[in-house]
Amino acid sequence: MNRSVNGDLWTVWQNSEEAVAHPGNPAAAGAGRSYRVGGRRARGFTLLELLVVVTIIGLLAAYVGPKYFSQLGKSEQGVAKAQVEAFARALDTYRLDVGHYPTTEEGLNALLTKPANAAKWNGPYLQKAVPLDPWGRAYVYRAPGANGDFDITSYGKDGQPGGTGDAADVSNQ
């Protein structure tokens with residue numbers, strides 16, 4: 001390899017024909033996989049090397065993917081629990097003002113609009129409209145509840161009572 005100074009630029013060149021013509025020359029190593037681009041030697045990747053890299057990426061995705069998606073289900077359950085707790089706090093404030101919890105017929109909308117029988121209503125008790133659960137279904141409100149003054153329930157991912165994992169019910173009880 002020869003180098004010369006041309007102003008502030010270094011010019012590097014290599015005689016490719018000599019490197020290919022003399023296989024014992026260290027500069028000829030890998031000459032079969034090299035090609036010239038714009039006067040410089042460039043090296044490419046073989047199909048086998050590319051397949052190995054793609055296989056490694058596929059194995060990593062197969063390992064990481066299920067862990068990522070299981071966290072997604074846990075976050076939906078967490079959002080539902082947080083919303084149920086926020087409803088419960090708003091309902092407690094409603095009861096302090098009005099003297100009783102909204103009826104099942106009035107539902108959670110009583111936290112936003114004044115029911116006819118709520119003379120001391122001092123709402124709204126929620127800043128925004130009652131949201132749907134993380135799976136796009138309405139929360140189920142019952143007063144009186146099975147285990148207390150009221151029940152707020154989301155039936156989970158499957159929308160059916162009961163279930164486990166992502167399909168487990170989320171309730172204030």
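Because the model is predicted, local features need pLDDT of at least 70 and side-chain atom pairs count only at pLDDT 80 or more, while totals for chains, interfaces and linings use all residues. Residues are numbered from 1 along each chain as its sequence is written, and side-chain values use heavy atoms, with hydrogens and water left out.

The sheet is open and consists of 3 strands in the order E5-E6-E7, with antiparallel pairing; E5 and E7 stand at its edges, each with a single partner strand, so one side of each is left without a neighbour in the sheet. Strands here are DSSP runs of E with at least two residues, helices are runs of H or I with at least four, and both are numbered from the N terminus, while two strands pair if DSSP finds at least two bridges between them. E5 (residues 140-142) is joined to E6 by 3 bridges, and in this pairing Tyr141 has Ile152 as its bridge partner. On the other pairing, E6 and E7 (residues 170-171) share 2 bridges, with Thr153 opposite Ser171.

Strand E6 is covered on both faces, with Asp151 and Thr153 buried on one side and Ile152 and Ser154 buried on the other. Buried means under 20% relative accessible area, exposed over 50%, and partly exposed in between, with a 1.4 Å probe and protein chains only. Thr153, which lies in E6 (residues 151-154), has a relative accessible area of 9% and is therefore buried. Beyond its neighbours within four places in sequence, Thr153 is in contact (heavy atoms within 4.5 Å) with Tyr139, Val140, Asp169, Val170 and Ser171.

Ile152 also belongs to the largest nonpolar core, where it is one of the residues, along with Leu91, Tyr94, Leu108, Leu111, Tyr141 and Phe150, that touch the most other members among 23. Helix H2 (residues 47-98) gives the most to this core, with 8 residues. Such a core is a set of buried Ala, Val, Leu, Ile, Met, Phe, Trp, Tyr and Cys residues joined through side-chain atoms within 4.5 Å.
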